[in-house]
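I set out these notebook entries while working through the model. Each entry records what I looked up and what I found.

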Amino acid sequence: MDRSQAREHLEMADRIVAASTRELPLRAQAIFFIVWGLAAGSTDLIYGLIGRGVAPGWTQWIAAALLFGAVAFSAVYGRRLRSLDCGMTFLDREFLNVLWVAMAVAFIANVGGWNLFPVYGMGAIWTVAASIVLLYIGLHENRRALAGGVVLIVSLVVANFSPAAVGYVLAAGFYLGYAGFGVSELLAR
Amino acid sequence: MLLSKVRLGVVAALLASEWMTFAALAEAAETTGGNLGAHLSKLVESGYVEEEKRFVARRPQSRYRLTRRGRDAFLGHVKQLQSFLKGAS
């Protein structure tokens, strides 16, 4: 092997390793963001409508059904993905760990801290957890995720200064930032 | 074993993955399916790569992952290449 061949081999190996350790394209997971973005956004929207007196109180059961549907979908689709598991990198695995830890902490804060957080506080916690997930993906050279994370954080701040429209603003953050990110990942393939 | 560019590419592609299918491996290693098969067989025979055959949705699927031996060989080979280039410069 001569010098140019050695350099060529090293450059190729470096390029291949870099592609699989730096990028986080998310492939099949994009659908999770769409489902959860729509479910969480709709939940915020429903509570916003209830808070404004536009929707009756019983509609909160629609929100509960949407979240239950998202959980059921995640369980079924996640199981299918695991059975097809064919190209998961260690970085993909790390991302899934971050996703589940962030969402589990948000869920526990909601269930175990319902005396601490009013209704919109719970919605805000989900926004924070979702933004952590997107910003983590964004740190791995995914600008769409970075933009989605920023949208969620901005929605949190805007909601804080818009007491009359908290539910609507948080909902918009989830629709645009989270579900929108999932759609953009699907379109980018 | 890793003097072949294709085999080096395969091992590099497997380095950061748990398992990879044949098709995904061909794409990641920047080679064609026809070229990949023979090189993969050599890597499996030498114990650098582990092969698993299974059925997914009633279709046969082969997937591959790097062994400890393959990982060590890759790191050693890269060090050798780097030393060679340093010595030559």
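This is a predicted model: local features need pLDDT of at least 70, side-chain atom pairs count only at pLDDT 80 or more; totals for chains, interfaces and linings use all residues.

What is the strand order of the open sheet in chain B, and is the pairing parallel or antiparallel? I found the order E1-E3-E2 with antiparallel pairing, in an open sheet of three strands. Residues are numbered from 1 along each chain as its sequence is written, chains are lettered from A and ligands numbered from 1 in the order in which they are written, and side-chain values use heavy atoms, with hydrogens and water left out.

**Entry: sheet of chain B**

I took strands (E, at least two residues) and helices (H or I, at least four residues) as DSSP runs, numbered from the N terminus. Two strands pair if DSSP finds at least two bridges between them. Strands of a sheet pair through backbone hydrogen bonds, either parallel or antiparallel.

Strand E1 (20-21) and strand E2 (49-56) of chain B each have a single partner strand and stand at the edges, so one side of each has no neighbour in the sheet. I then listed the pairings. E1(B) is joined to strand E3 (residues 59-66) of chain B by two bridges, and the two run antiparallel. Met20(B) has Tyr64(B) in E3(B) as its bridge partner. Between E2(B) and E3(B) I noted eight bridges, also in the antiparallel sense. Opposite Glu52(B) stands Arg63(B) in E3(B). Two residues lie between E2(B) and E3(B), which form a hairpin. In its turn, Ala57(B) has a positive phi of about 50 degrees.

**Entry: chain B as a whole**

I recorded four helices and three strands for chain B. Along the sequence they follow the pattern α-β-α-α-β-β-α. The C-alpha atoms of chain B fill a box of roughly 55 × 25 × 20 Å along the principal axes.

For burial I used relative accessible area: under 20% is buried, over 50% exposed, and in between partly exposed (1.4 Å probe, protein chains only). On that scale, 48% of the 89 residues of chain B count as buried. I took a contact as heavy atoms within 4.5 Å. Of the contacts in chain B with a separation of 6 or more, 49% come from residues 24 or more positions apart.

I checked one residue of helix H3 (residues 33-45) of chain B, His39(B). His39(B) has a relative accessible area of 16% and is therefore buried. Leaving out residues up to four places away in sequence, His39(B) touches Ser4(B), Val6(B) and Arg7(B).

**Entry: aromatic pairs**

I paired rings of Phe, Tyr and Trp (its six-membered ring) with centres within 6.5 Å; planes under 30 degrees apart are stacked, over 60 edge-to-face, and the rest tilted. Over all chains this rule gives six aromatic pairs. Phe73(A) and Tyr77(A) are stacked, because their ring centres lie 5.2 Å apart with the planes at 10 degrees. Both lie in helix H3 (residues 60-84) of chain A, four residues apart, about one turn of the helix. Phe73(A) is partly exposed, at 27% relative accessibility.

Phe174(A) and Tyr178(A) are edge-to-face, 5.7 Å centre to centre and with 75 degrees between the planes. They are about one helical turn apart, because four residues separate them in helix H7 (residues 166-188) of chain A. Phe174(A) and Tyr178(A) are both buried.
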